[in-house]
Every structure is written in C-alpha cells, then in structure tokens.
Amino acid sequence: MDKRVQRERDFHELRFQDGVGARPQEIFYLSINSAKTWLNHKISNAASLGGKGLEFGCSTGDFLSSLLNKYSFTCYGIDISNNAVLAAKESISKIHPNFPVDDHLFVMDANNLEFKSEFFDFCFGQGVLHHLDFPKCVEEVHRVLKPSGLMIFMEPLGTNPIINLYRILTPNDRSVDEYPFTSKHLNIINQYFELHDIQYFGFFTLPGFIFSFNSTLYKYYMFLAERMDKLFFKIPGMWRFAWVVVFQGVRKDV
C-alpha cells in the first residue's frame with residue numbers, strides 16, 4: 001500500500017471509528033441539497049434498469065440500503081475504511097437480512113479495483129474521486145464498466161476562492177491528499193467517458209445553512225437561491241464559482 005492510500009485509510013478509519021462518521025461541517029451541506037437530489041435522481045434512473053452497480057465510498061451503507069428498498073439490481077460497495085464497511089454490513093444486514101453483505105461490500109483501494117474488467121453497468125459516488133489518484137482511478141472506473149456503462153458522481157470544485165480560503169483555514173476537516181476538481185479533472189475524465197448532464201450547484205445557495213433553524217425560512221430561501229444558481233451557471237465561465245459538480249459519463253472505447 002503506498003503512502004497516499006495509507007494516509008487516506010488512516011484518516012477515514014479515525015472518522016468512522018464510532019461507526020457513524022459524521023462531521024461538524026456537514027451542516028454546510030444543507031446548501032447543496034439540490035445537488036444531492038439531482039445525483040440521487042441520476043443514480044436511481046440507472047438502478048431502475050437493473051444490472052450491476054458499484055458505489056465508491058459506500059460509507060456506512062445508508063444510500064445503498066435506500067436503493068435496495070426501491071430497486072431490483074445487484075449492488076456492490078467499497079470503502080477505504082474497514083470501520084465504515086463493518087458499519088455498512090451491520091446496518092444493511094438489519095434492514096435487508098437476505099442481502100449477502102460479505103460478497104458485496106468490501107474494504108478496497110479504489111485506485112486498484114479488485115473486480116474483473118467490464119463487470120459493472122454503472123458506478124457512482126459522492127465526494128470520492130477527488131481523494132484518489134488521477135488519472136489512475138478514472139482508468140480503473142473505465143476498466144470495470146461494461147461498454148456504454150455509466151459513471152455518475154458528485155464532486156467538490158476547487159475553483160471558488162472563498163471556498164478555497166475556508167479549506168485553508170480548516171485543514172483538519174479533510175485528508176491532506178484530497179484535491180477538489182478543476183477543469184483538468186473533467187478533461188481527464190473526458191478522455192475515457194462522454195460527459196453529459198453536467199450540472200453545477202452552490203453559489204447563491206451557499207448561505208442557505210444559516211436558515212436551517214427555521215424550516216420555513218430555509219425552504220423559501222433555497223427555493224429562490226436554487227433558481228438564481230441555475231441562471232447564474234448558464235453564464236459562460238461562472239461554473240468556476242460553484243461548490244460542486246454532478247456529472248454523468250458514458251464509457252468510451254479507448
């Protein structure tokens with residue numbers, strides 16, 4: 001195991017040592033609920049078609065469990081943290097006692113996937129790829145997907161100076177090797193996948209978490225801010241001020 005992978009594993013083992021993995025900064029994620037909704041919509045569309053799906057960074061298994069409640073597909077999950085995978089196995093076993101967790105949930109380095117080539121119909125994840133070794137991880141995603149297979153991910157962007165300042169001021173909130181996306185990352189992905197349905201989120205919605213104490217205020221603020229974001233990100237170049245990007249890519253023959 002190289003040093004980068006070991007650092008990531010150590011960071012996430014510590015994070016999930018309580019079997020939950022919650023972080024104080026997660027309150028800020030209320031500002032990008034629309035991004036999560038869009039991501040879940042795209043993943044749900046893929047899962048509804050059946051086949052095999054792989055979640056990168058399955059964490060404690062909550063999202064996989066919700067998909068199993070709704071769709072009949074063969075799902076797999078991987079995470080770098082043994083603590084996270086143990087929690088996922090325990091959680092999913094309680095809700096889906098017939099699901100073979102030991103055969104479908106694995107502690108694994110996503111840079112070196114232990115699956116045969118062209119095995120999955122789709123791969124998906126939230127905030128995982130920017131922890132990995134580019135372009136190696138993209139090559140691996142490409143390798144394990146079937147022809148015309150889908151990759152569906154949400155990743156943070158590293159192009160908004162205000163968000164980057166926050167990252168500088170809070171170094172302990174993230175692992176030392178993670179590198180938020182820039183156009184370079186999307187260009188690398190585009191070598192292996194035909195990117196489409198690229199959506200940017202998180203500019204006018206960023207203050208939304210401030211109103212979380214009042215559900216009515218939060219609802220109305222986000223209603224307006226999300227629509228302003230849609231208009232704002234249609235302006236050429238303004239995507240750089242987004243917090244996250246959600247994209248879907250179709251596997252190319254390379």
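Where is the place of Glu-118? Glu-118 sits in the loop between strand E3 (105-107) and E4. Helices (H or I, at least four residues) and strands (E, at least two) are DSSP runs, numbered from the N terminus. The model is predicted: local features need pLDDT of at least 70, side-chain atom pairs count only at pLDDT 80 or more, and totals for chains, interfaces and linings use all residues. Residues are numbered from 1 along each chain as its sequence is written, and side-chain values use heavy atoms, with hydrogens and water left out.

Most residues other than glycine have a negative phi, and most peptide bonds are trans. Glu-118 has a positive phi, near 55°. Its relative accessibility is 41%, so Glu-118 counts as partly exposed (buried is under 20% relative accessible area, exposed over 50%, partly exposed in between; 1.4 Å probe, protein chains only). Ser-148 also has a positive phi, near 65°. Ser-148 belongs to strand E5 (residues 145-156). Ser-148 is exposed because its relative accessible area is 54%.

The peptide bond from Phe-134 to Pro-135 is cis, with omega near -5°. Pro-135 lies in the loop between strand E4 (120-126) and helix H6 (136-144).

Thr-205 occupies the loop between strand E6 (193-201) and helix H9 (215-232). Thr-205 counts as buried because its relative accessibility is 1%. A polar atom of the Thr-205 side chain lies 2.8 Å from the backbone oxygen of Ser-31. Neighbours within four places in sequence aside, Thr-205 is in contact (heavy atoms within 4.5 Å) with Ser-31, Tyr-221, Met-222, Ala-225, Glu-226 and Asp-229.

Key. Polar contact = N/O pair within 3.5 Å; in protein donor to acceptor, adjacent residues only side chain to side chain.
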